[in-house]
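Please read them with the structure open.

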Amino acid sequence: MFVYEKMNEDNVSGMALLEKENFTDGWSLESLKEEINNPDALYMCVRDDENGRIIASAGMIISFETADIMNVSVDKEYRRRNIARNLLLKLFEEGRKKGVTEFTLEVRQGNDAARKLYEKLGFSYAGTRPGFYSNPKEDAAIYWLKSN
Ligand SMILES: CC(C)(COP(=O)(O)OP(=O)(O)OC[C@H]1O[C@@H](n2cnc3c(N)ncnc32)[C@H](O)[C@@H]1OP(=O)(O)O)[C@@H](O)C(=O)NCCC(=O)NCCS
């Protein structure tokens with residue numbers, strides 16, 4: 001069974017591990033820990049309770065009615081099982097409870113898997129931010145999801 005948890009002192013190191021495995025410039029354990037007590041941040045993860053592993057992670061920073069989604073990743077062994085999709089739906093639910101009506105995110109232009117995921121969730125492509133990413137350098141595709 002998969003369990004959804006808000007980021008806390010117990011699961012944050014598993015989340016940092018996912019960052020390291022999935023991104024060339026992923027967040028460090030220290031940076032993630034700082035978000036635990038940030039009132040404008042909401043980070044969540046998924047635990048496989050068969051083995052205790054943290055297998056997915058995602059977060060958002062909230063500014064009034066807008067939330068910026070970031071750090072979305074799923075352990076390679078668990079992909080294509082709707083885990084990212086369901087985790088993002090949980091995040092949206094939590095965001096809406098806090099008054100969020102629109103979600104935005106950036107994704108590497110060439111990250112087809114993630115772009116398909118966001119489009120399936122209803123996000124609309126809104127333009128490109130040239131050279132946004134480094135290591136390697138790449139443009140960002142910007143997406144928005146507006147709801148009421
Ligand atoms: C992108 C990522 C988070 C998707 O996680 P996931 O749990 O495998 O995604 P889901 O199973 O929830 O996928 C939901 C839908 O997204 C789309 N999708 C996801 N991965 C896809 C892929 N590799 N190719 C094509 N479509 C894909 C599909 O429409 C899928 O639905 P379907 O399986 O019924 O066809 C995962 O591949 C990952 O961690 N990648 C590395 C980190 C990363 O790039 N993060 C995004 C940063 S912006």
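1. The side chains of Glu94 and Lys6 are joined by a polar contact of 3.4 Å. A polar contact is a pair of N or O atoms within 3.5 Å; within protein, one must be able to donate a hydrogen and the other to accept it, and residues adjacent in sequence count only if both atoms are side-chain atoms. This is a predicted model: local features need pLDDT of at least 70, side-chain atom pairs count only at pLDDT 80 or more, and totals for chains, interfaces and linings use all residues. Residues are numbered from 1 along each chain as its sequence is written, and side-chain values use heavy atoms, with hydrogens and water left out.

2. Where does Glu94 sit? Glu94 is in helix α3 (residues 83-97). Helices (H or I, at least four residues) and strands (E, at least two) are DSSP runs, numbered from the N terminus. Glu94 counts as buried because its relative accessibility is 12%. Buried means under 20% relative accessible area, exposed over 50%, partly exposed in between (1.4 Å probe, protein chains only). Leaving aside neighbours within four places in sequence, Glu94 is in contact (heavy atoms within 4.5 Å) with Lys6, Leu42, Met44 and Met60.

3. Helix α1 (residues 12-22) also has buried residues, among them Met15, Leu18 and Glu19. The buried residues of α1 pack against α2 (29-36), β2 (41-48), β3 (53-63) and β4 (66-74).

4. Now the sheet. Seven strands form an open, mixed sheet in the order β1-β2-β3-β4-β5-β7-β6. Two strands pair if DSSP finds at least two bridges between them. β1 (2-6) and β6 stand at the edges with a single partner strand each, so one side of each has no neighbour in the sheet. Helix α4 (residues 112-120) packs on the sheet and touches β4, β5 (102-108), β6 and β7.

5. Strands β6 (residues 124-133) and β7 (residues 138-146) pair in the antiparallel sense over six bridges. Tyr125 stands opposite Tyr143 in β7. Gly127 has Ile142 as its bridge partner in β7. The hairpin of β6 and β7 has four residues between the strands, and Asn135 takes a positive phi near 60° there.

6. Last, the ligand. 21 residues surround the ligand (a heavy atom within 4 Å); Val72, Val74, Arg80, Asn82 and Asn111 are the closest. An oxygen atom of the ligand lies 2.8 Å from a backbone N or O atom of Arg80. For Asn82, a backbone N or O atom lies 2.7 Å from a ligand oxygen atom. Asn111 uses a polar side-chain atom, 2.7 Å from an oxygen atom of the ligand.

Key: Axes fitted to C-alpha atoms, helices over the stretch in contact; angles between N-to-C directions.
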